[in-house]
Amino acid sequence: MKKAGLVIILLGVFTLVALLVFRIPSIPHSLEGKKKCITCHSRQGMVPYPKWHEKHGYGNDDCTGCHQLASGATE
Ligand code: HEC
Ligand code: HEC
């Protein structure tokens, strides 16, 4: 099946671009007393998250699934 092969190649390219271009920023600050990410990172917050976060409806418990604590920041 030629079509299936093409789909697989396109998916591979998409994943690569997503990894290279949309690099997930790590969390530069400690999480001490900062568990409620949305207080500061909502679209109206002081460091707003990207629009697509709101569209996906990410909650406070979802953030660390993608964003890792930076190695310098203490927990
Ligand atoms: C009290 C406000 C506050 C809370 C709560 C908070 N942050 Fe932050 N965050 C900041 C500020 C201010 C910055 C800007 C960098 C700095 O000065 O530390 C930042 C930066 C970031 C960045 C880097 C953004 C970039 O452009 O590189 C990420 C990612 C992030 N925070 C994720 C989180 C996550 C995930 C949580 C919840 C576990 C969270 N933050 C909770 C204030 C907050
Ligand atoms: C599915 C993975 C995923 C989840 C879940 C997620 N993020 Fe992100 N986030 C990303 C990626 C990828 C980027 C960088 C690409 C971009 O800016 O669009 C990013 C960027 C950011 C930035 C930097 C924005 C900027 O302009 O520099 C902040 C702040 C942030 N996220 C906060 C959060 C918070 C708070 C949550 C939880 C409510 C969250 N993220 C949930 C993947 C995720």
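User: Into how many nonpolar, polar and charged residues does the shell around ligand 2 divide?

Analyst: As to the classes, Ala, Val, Leu, Ile, Met, Phe, Trp, Tyr, Cys and Pro count as nonpolar, Asp, Glu, Lys and Arg as charged, and the others, Gly among them, as polar. Here the shell around ligand 2 divides into eleven nonpolar residues, four polar ones and one charged one. Please keep in mind that this is a predicted model, in which local features need pLDDT of at least 70 and side-chain atom pairs count only at pLDDT 80 or more, while totals for chains, interfaces and linings use all residues. Residues are numbered from 1 along each chain as its sequence is written, and chains are lettered from A and ligands numbered from 1 in the order in which they are written.

User: Which residues come nearest to ligand 2?

Analyst: A residue is near a molecule if its C-beta atom, placed from the backbone, lies within 6 Å of it. Of the 16 residues around ligand 2, Cys-37, His-41, Pro-50, Cys-63 and Cys-66 come nearest, and H2 and H4 each supply at least two residues of that shell.

User: Which residues are closest to ligand 1, and which element gives the largest share of its shell?

Analyst: Ligand 1 is surrounded by 17 residues, the closest being Pro-25, Lys-34, Cys-37, Cys-40 and Cys-63. The elements giving two or more residues to this shell are helix H2 (37–41) and helix H4 (63–66), and H2 contributes the largest share, four residues. By class, the shell around ligand 1 holds nine nonpolar, five polar and three charged residues.

User: How many helices and strands does the protein have?

Analyst: Helices (H or I, at least four residues) and strands (E, at least two) are DSSP runs, numbered from the N terminus. The protein has four helices and zero strands, so that the elements run α-α-α-α from the N terminus on.

User: Why does Cys-63 count as partly exposed?

Analyst: A residue is buried if 20 or more other C-beta atoms lie within 10 Å of its own, exposed if 12 or fewer, and partly exposed in between, with C-beta atoms placed from the backbone. Cys-63, which lies in helix H4, counts as partly exposed because it has 17 C-beta neighbours inside 10 Å. Two residues are in contact if their C-beta atoms lie within 7 Å, and, leaving aside neighbours within four places in sequence, Cys-63 is in contact with Cys-37 and Tyr-58.

User: Where is confidence lowest, and where is it highest?

Analyst: The predictor's confidence in each residue is given as pLDDT, from 0 to 100. The protein averages 88, and 89% of the residues score at least 70; confidence is lowest in helix H1 (residues 2–21), at a mean of 79, and highest in H2, at 97.
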